[in-house]
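Let's take a walk through this structure together. Have a look at it, and then we'll go over a few spots one at a time.

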Amino acid sequence: MTAHPHNPTSRWTLEELQQLHDLPLMELLFRAATVHRQYHDPNEVQVSSLLSIKTGGCPEDCGYCPQAARYHTDIEENALMTVEQVRTAAERAKGLGSSRLCMGAAWRNVRDDDEFDQVLDLVRTVNGLDMEVCATLGMLTPNQAERLAAAGLYAYNHNLDSSEEYYKEVISTRGYEDRLETIGNARRAGLTVCSGGIIGMGETVVDRLKMLLTLASLDPVPESVPINALVAVEGTPLEEQKPVDIFEMVRMIAVTRILIPSTTVRLSAGRKDMSPEGQALCFFAGAGSIFAGDKLLTTPNPEAFADMELFSALGLKPTQAYAKGERPTPGNDPGRPTEKQRIKWSRPGHRIERNEAKRK
Ligand code: SF4
């Protein structure tokens with residue numbers, strides 16, 4: 001493998017990556033930890049908080065997601081949160097050590113309507129609290145990305161989830177191309193990109209590695225790559241998937257670390273089921289961030305205290321906000337697009353039997 005001057009990660013072949021993935025674990029860990037030290041402070045881990053600003057009722061059919069309206073799950077639906085609710089949640093998260101707030105809305109795509117204007121106010125509010133503001137709102141047009149950037153958004157999350165081939169086995173209402181298009185729109189608007197995937201959905205290791213290769217081929221590469229372990233929720237098409245083995249997770253993190261050395265690898269969903277020792281291995285393999293829970297509004301969030309205990313036991317420090325970039329200064333809102341400028345997203349329209357079965 002020869003390094004590329006602009007994108008040192010882009011020259012890995014699938015075979016090379018598979019060999020790396022299959023190394024004896026201690027060898028893989030040593031290599032990943034070595035790369036991690038070259039690019040990051042190994043004793044710092046960013047605490048990010050996830051806040052669901054609009055929950056449930058989503059028209060999409062993502063096989064892993066309890067927020068899809070078509071599946072029968074116990075999710076409690078919530079309308080879009082107000083500025084005051086978000087400010088309270090953000091201040092609380094900050095008080096518990098979070099330097100980044102990721103606001104998620106269960107939408108297929110952003111619409112040019114009053115709710116989006118409200119989201120822009122939420123972004124301005126959190127930006128004013130000196131936290132990194134991330135949003136995950138579904139598909140995004142260039143104009144919407146520019147409006148978010150002007151409001152002070154720092155990062156846009158849009159996961160690839162899996163390889164292009166396996167994506168079609170999990171989601172039928174959106175195409176992979178649209179994912180990449182949204183990522184490109186966010187990037188062109190000057191936002192940093194957060195994009196990763198989920199393991200444990202029934203995909204092969206090759207699917208996982210192909211997804212990583214796609215992420216590594218983006219130029220520039222995403223600043224943030226969340227690696228999620230599927231949380232199999234009753235009522236979703238993937239409810240019967242077995243939990244992800246901790247060593248599979250560690251391998252995935254280590255390979256991501258080596259393939260995209262500059263990115264922050266985020267240990268995301270599924271962490272609650274990991275032991276402290278398992279999490280420590282993930283940090284050693286190159287995970288540089290964790291997500292704290294999303295129930296910050298109404299519950300004391302005891303997990304946050306357990307996280308601080310783990311940090312203390314491992315001698316880890318939480319990363320400060322904007323350690324890797326400037327805080328965006330809110331600018332002039334370019335405003336909604338004209339009728340002519342509106343973009344319609346495609347619908348791939350293939351069928352996934354297990355999704356259809358769950359719907360019924
Ligand atoms: S688009 Fe998001 S909220 Fe909607 S079903 Fe998929 S993962 Fe869930």
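Let's begin with a term we'll need: a residue is buried if 20 or more other C-beta atoms lie within 10 Å of its own, exposed if 12 or fewer, and partly exposed in between, with C-beta atoms placed from the backbone. What you're looking at is a predicted model, where local features need pLDDT of at least 70, side-chain atom pairs count only at pLDDT 80 or more, and totals for chains, interfaces and linings use all residues. Residues are numbered from 1 along each chain as its sequence is written. As for the helices (H or I, at least four residues) and strands (E, at least two), they are DSSP runs, numbered from the N terminus.

Asp 161 is buried because 25 other C-beta atoms lie within 10 Å. Its phi is near 70°, a positive value in a residue other than glycine. Now hop to Asp 130, in the loop between helix 4 and strand 3 (132-136). Asp 130 isn't a glycine and has a positive phi too, of about 65°. Is Asp 130 buried or exposed? It has 12 C-beta neighbours inside 10 Å, so it counts as exposed.

Helix 4 (residues 114-127) packs with helix 5 (residues 142-151) at an angle of about 30°, and their axes are 8 Å apart. Here axes are lines fitted to C-alpha atoms, for helices over the stretch in contact, and angles run from 0 to 180 degrees between N-to-C directions. That makes helix 4 roughly parallel to helix 5. The labels go like this: angles under 35 degrees count as roughly parallel, over 145 as roughly antiparallel, 65 to 115 as roughly perpendicular and the rest as oblique. On the helix 4 side, the contact is made by Phe 116, Leu 120, Val 123 and Arg 124, while helix 5 brings Gln 144, Arg 147, Leu 148 and Ala 151. Two residues are in contact if their C-beta atoms, placed from the backbone, lie within 7 Å.

Another helix pair is worth a look. The axes of helix 2 (residues 25-39) and helix 9 come within 9 Å and cross at roughly 40°. That makes helix 2 oblique to helix 9. Among the helix 2 residues that meet helix 9 are Leu 25, Leu 28 and Val 35, and their partners include Phe 247, Ala 254 and Ile 258.

With 15 C-beta neighbours inside 10 Å, Ser 262 counts as partly exposed. Leaving out residues up to four places away in sequence, Ser 262 touches Tyr 39 and Val 221. Between Ser 262 and Arg 147 there are 27 Å in space, C-alpha to C-alpha, and the two are 115 residues apart in sequence.

Finally, find helix 8 (residues 205-217). Its buried residues include Leu 209, Met 211, Leu 212 and Leu 215. What covers the buried residues of helix 8? The cover includes helix 1 (14-21), helix 6 (164-170), strand 6 (197-199), strand 7 (224-229) and helix 9 (246-259). In the loop between helix 8 and strand 7 you'll come across Pro 220. The peptide bond from Asp 219 to Pro 220 is cis, with omega near 0°.
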